[in-house]
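Q: Could we go through this model together, one topic at a time?

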Amino acid sequence: MTDSGENAEYDVVVIGAGPVGENVADRTRAAGLSTAVVESELIGGECSYWACMPSKALLRPVVARADARRVPGLSAAVEGPLDADAVLAHRDEQTSHWKDDGQVAWLDGIGADIYRGKGRLTGTRTVSVTAPDGSQKQLTARHAVAVCTGSRAVVPALPGIADVRAWTSREATSAKEVPGRLVVVGGGVVGVEMATVWQGLGSRVTMLIRGRRLLPKMEPFAGELVAEALTEAGARILTGVSATAARRAGKDGPVTVELDNGERLETDEILFATGRAPRTDDVGLDTVGLKPGSWLPVDDSCLVEGSDWLYAVGDVNHRALLTHQGKYQARIAGAAIAARAQKTPLLETDPWGAHAATADHAAVPQVVFTDPEASSVGLTLADAEAAGHRVRAVDYDLASIAGSGLYAKGYRGRARMVVDLDREILLGVTFVGPGIGELLHSATIAVAGEVPIDRLWHAVPAYPTISEIWLRLLETYRA
């Protein structure tokens, strides 16, 4: 680094210090490149404080109680309500009480310089930082600037919404008390997970789904099984409806939600889980010929199309809006930045090489931490067929596995693998059922590794575990 008062020069400047920005910095520092990281909020970003960590901390006791209620000899001991205060306190611990000292220490430990404030591109390889006190500093990057600012929840502009103080994912994961009634708008991952949390903690939850099923990006049976469980837990799910207006009575009164079918609902809080937008509206894209507020298209090294220095990593490139996938992209981008800086040839001809985020296209894993859990990797049957692959779906009832029966009485679940019939490899796998989240990585390895069916036959699952589903799927395929 070179520093001249109000200006500083680095090899790499990273805008955004969430998990994605941290991982870009980690890789560039490991390669010996000086790196500055700019952050306007908490170091650690959305995942650490308002998404992955708090949501899973809230979900764990709800799901654990549901599992325990299905275990003979244990079920009677867990019939009472959850201790909501203890659950919320545990959530607070997992978010470090919204303090980022530990994350700051980690960035300091790898030798990255932290700049607190608003980072904004001002031209080619230049970033201005406006500190909380209003002072400004200009950073120049010798090699690369990485935009890692993530995405934000979108709240539709409905009549009355400005005064409602609607929840987004941030409010839903950081709320300090359990609402008596909660309306959840949206049936994607955030919607079903937050419905699971607050129903489990004692709210009366109503879900409003514009389409016909939950989890529309997964195999149809995933949403069906999650909907059954939510309904049995007491949630009300309305499909084929949309909210058209929302108004709150007074400052802290109930919210009235109007639906397009003429129905009116009264609730204490309303959560909109209806999509996300890139946080690129105020990062200076206009100064480098790009449209503010837009998603940033990139190549497989996360280099912005048409640029030789600007990278967009994580949610902002709209490839896969998942923390783990953004961190994967960050490892790829960091390696590519270092290779280009050191004039090392990139492995551009190797789709699974060190400089290509190929898994974004072929092997994106995701776990939905509901009861039951839903997990998938790769393509659904519909996606594979739409892409022109000659495929066969192989389904199996997870309740028929010996390990499932031992895991829970009355176990319900389903598995599917999508087989490429021309290459005899797996293009996608979906598991739905209690306790299957940890099973997904085996499927991810099979899909990303393009492991032939004949070789998978020799991967012997331990008995009696739920992973014996692999043997049953392969037997069904061979039959």
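**Side-chain and helix packing**

Q: Where does the charged end of Arg170 sit?
A: The charged end of Arg170 sits over the ring of Trp50, 3.7 Å from the centre of that ring. A charge counts as sitting over a ring if NZ of Lys or CZ of Arg is within 6 Å of the ring centre and within 35 degrees of the ring normal.

Q: Before going on, what kind of model is this?
A: This is a predicted model, in which local features need pLDDT of at least 70 and side-chain atom pairs count only at pLDDT 80 or more, while totals for chains, interfaces and linings use all residues. Residues are numbered from 1 along each chain as its sequence is written, and side-chain values use heavy atoms, with hydrogens and water left out.

Q: And the charged end of Arg478, which ring does that sit over?
A: The ring of Trp457, with the charged end of Arg478 4.0 Å from its centre.

Q: How many aromatic pairs are there?
A: The count comes to 5 aromatic pairs. The rule takes rings of Phe, Tyr and Trp (its six-membered ring) as a pair if their centres lie within 6.5 Å; planes under 30 degrees apart count as stacked, over 60 as edge-to-face and the rest as tilted. For Trp167 and Trp198, the ring centres are 5.8 Å apart and the planes stand at 55°, so this pair is tilted.

Q: Which parts does the pair of Trp167 and Trp198 tie together?
A: Trp167 lies in the loop between strand S8 (151-153) and helix H6 (169-174), and Trp198 lies in helix H7 (residues 189-200), so the pair ties together parts that are 31 residues apart in sequence. Helices (H or I, at least four residues) and strands (E, at least two) are DSSP runs, numbered from the N terminus.

Q: Are Trp167 and Trp198 buried or exposed?
A: Both Trp167 and Trp198 are buried. Buried means under 20% relative accessible area, exposed means over 50%, and partly exposed lies in between (1.4 Å probe, protein chains only).

Q: Staying with H7, at what angle does H3 pack against H7?
A: Helix H3 (residues 52-68) packs with H7 at an angle of about 60°, and their axes are 9 Å apart. That makes H3 oblique to H7. Axes are lines fitted to C-alpha atoms, for helices over the stretch in contact, and angles run from 0 to 180 degrees between N-to-C directions. Angles under 35 degrees count as roughly parallel, over 145 as roughly antiparallel, 65 to 115 as roughly perpendicular and the rest as oblique.

Q: Which residues meet there?
A: From H3, Ser55, Lys56, Leu58, Leu59, Val62 and Arg65 meet Glu193, Met194, Thr196, Val197 and Gly200 of H7. Contact means heavy atoms within 4.5 Å. The crossing of H3 and H7 is left-handed, a term for a near helix turned anticlockwise from the far one by less than a right angle, with right-handed used if clockwise.

Q: What about H1 and H5, at what angle do they pack?
A: Helix H1 (residues 19-30) and helix H5 (residues 101-109) pack at about 20°, with axes 10 Å apart. H1 and H5 are therefore roughly parallel to each other. H1 passes H5 in a left-handed crossing, and Glu22, Ala25 and Asp26 in H1 meet Gln103, Trp106 and Leu107 in H5.

Q: What is phi for Glu424?
A: Phi of Glu424 is near 55°, a positive value in a residue other than glycine. Glu424 is in the loop between strand S21 (414-420) and strand S22 (425-433), and at 29% relative accessibility Glu424 counts as partly exposed.

Q: And Asp454, what is that in contact with?
A: Leaving aside its neighbours within four places in sequence, Asp454 is in contact with Glu424 and Arg478. Asp454 is in helix H14 and is partly exposed, with a relative accessible area of 47%.
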